[in-house]
Amino acid sequence: MARAADSVRSHFRGMCEALASLALPAPCRICTQILDTGSLIPFCHACMEGLTQTLPEPLCAQCGRPIVSAAAAEAVSQPQCRLCRSQVYAFDFARSFGAYTPRMSRAILLLKYGRAAPLGAWFARRLAGLIERQPQGFAADAVVPVHLDRGRLRERGYNQAELIAKPLARMLGIPFRSYLLVRLRPRPSQLRLTRRERWETVRGAYATHKTARVDKLRVLLVDDVFTTGATLDACSRALKGAGAARVVGLTVARALPLSPALEAGLQDQDLEE
Ligand SMILES: [Zn+2]
Ligand SMILES: [Zn+2]
């Protein structure tokens with residue numbers, strides 16, 4: 001009963017927000033420029049354009065990292081990055097929609113702390129478009145969001161990966177299986193983690209739910225940001241350990257080595273993995 005009331009309340013709040021954004025001149029939630037038209041996605045035209053820039057090709061055939069050295073990319077038809085050549089990742093294939101720029105970081109923060117469901121669906125459409133352009137590699141039996149630990153879920157009330165994964169599953173016509181994975185250990189509370197700490201904190205932190213049937217399943221694993229790939233790797237190990245046939249990672253954004261100016265513009269609290 002309380003859940004139903006909560007859901008009505010949140011639906012009502014969503015409607016009010018939508019109406020308010022139609023009626024009042026609102027600032028772009030990325031660059032603060034006043035928006036001239038009301039929209040459920042509170043970004044100006046320039047910011048929207050910036051967010052829809054896809055990653056520069058060629059990409060690593062396995063993890064999707066842009067390959068910077070043209071010579072390395074030309075040398076083979078299926079180029080692989082250094083990490084994939086040393087078989088670091090347990091997932092079979094991963095792709096991201098765009099680069100994790102300061103603009104993207106602000107958009108993801110809004111999704112993370114603003115319960116911005118329309119934005120989740122907007123990102124889902126971008127990911128569905130990416131799959132449509134290259135369907136090979138993405139075949140899956142279930143769409144699974146990367147989970148937050150319980151404390152974080154309680155604190156935030158929702159999981160931002162789920163806000164993207166759920167509409168994506170609907171668009172693809174693939175079952176959404178939110179509770180296939182569980183996070184066993186919470187993430188440490190400090191915001192900035194080194195690359196090594198990121199790997200260490202997620203190692204063994206995920207498991208499949210005891211009632212989940214994973215055997216021979218092909219899983220499409222969805223998250224907001226691919227930072228080091230440690231989270232997708234830990235989830236993939238849990239799924240493969242339980243018998244999954246294939247795990248494909250898909251994220252909205254991909255952290256790449258950026259110029260110092262871009263680095264400085266990124267919001268610390270968003271670099272969570
Ligand atoms: Zn803007
Ligand atoms: Zn790679």
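## Crossing of helix 6 and helix 8

A crossing of two helices is called right-handed if the near helix is turned clockwise from the far one by less than a right angle, and left-handed if it is turned anticlockwise. In this predicted model, the crossing of helix 6 and helix 8 is right-handed. Helix 6 spans residues 117-133, and its axis lies 8 Å from that of helix 8, at an angle of about 50°. Helix 6 and helix 8 are therefore oblique to each other.

Helix 6 contributes Gly120, Ala121, Phe123, Ala124, Arg125, Leu127, Ala128 and Ile131 to the contact, while helix 8 contributes Leu163, Ile164, Pro167, Leu168, Met171 and Leu172. Of these contact residues, twelve are nonpolar, one is polar and one is charged.

Four strands form an open sheet in the order 1-6-5-2, and their pairing is parallel. Strand 1 (93-99) and strand 2 (142-145) are the edge strands; each has a single partner strand, so one side of each lacks a neighbour in the sheet. From one strand to the next, the twist averages 20°.

Six bridges join strand 1 to strand 6 (residues 246-254) in the parallel sense. Within this pairing, glycine 98 stands opposite alanine 253 of strand 6.

## Helices packed on the sheet

Helix 8 (residues 160-172) packs on the sheet, where it touches strand 2, strand 5 (218-226) and strand 6. The direction of helix 8 makes about 135° with that of strand 5.

Helix 10 (residues 230-241) also packs on the sheet, touching strand 5 and strand 6. Its direction makes about 160° with that of strand 5.

Technical notes
Residues numbered from 1 in each chain as written. Chains lettered and ligands numbered in written order. Predicted model: local features only at pLDDT ≥ 70, side-chain atom pairs only at ≥ 80, totals over all residues. Heavy atoms only, no water. Pairing = 2+ DSSP bridges. Helix = DSSP H or I, 4+ residues; strand = E, 2+ residues; numbered from the N terminus. Axes fitted to C-alpha atoms, helices over the stretch in contact; angles between N-to-C directions. Contact = heavy atoms within 4.5 Å. Parallel < 35°, antiparallel > 145°, perpendicular 65-115°, else oblique. Nonpolar A, V, L, I, M, F, W, Y, C, P; charged D, E, K, R; others polar.
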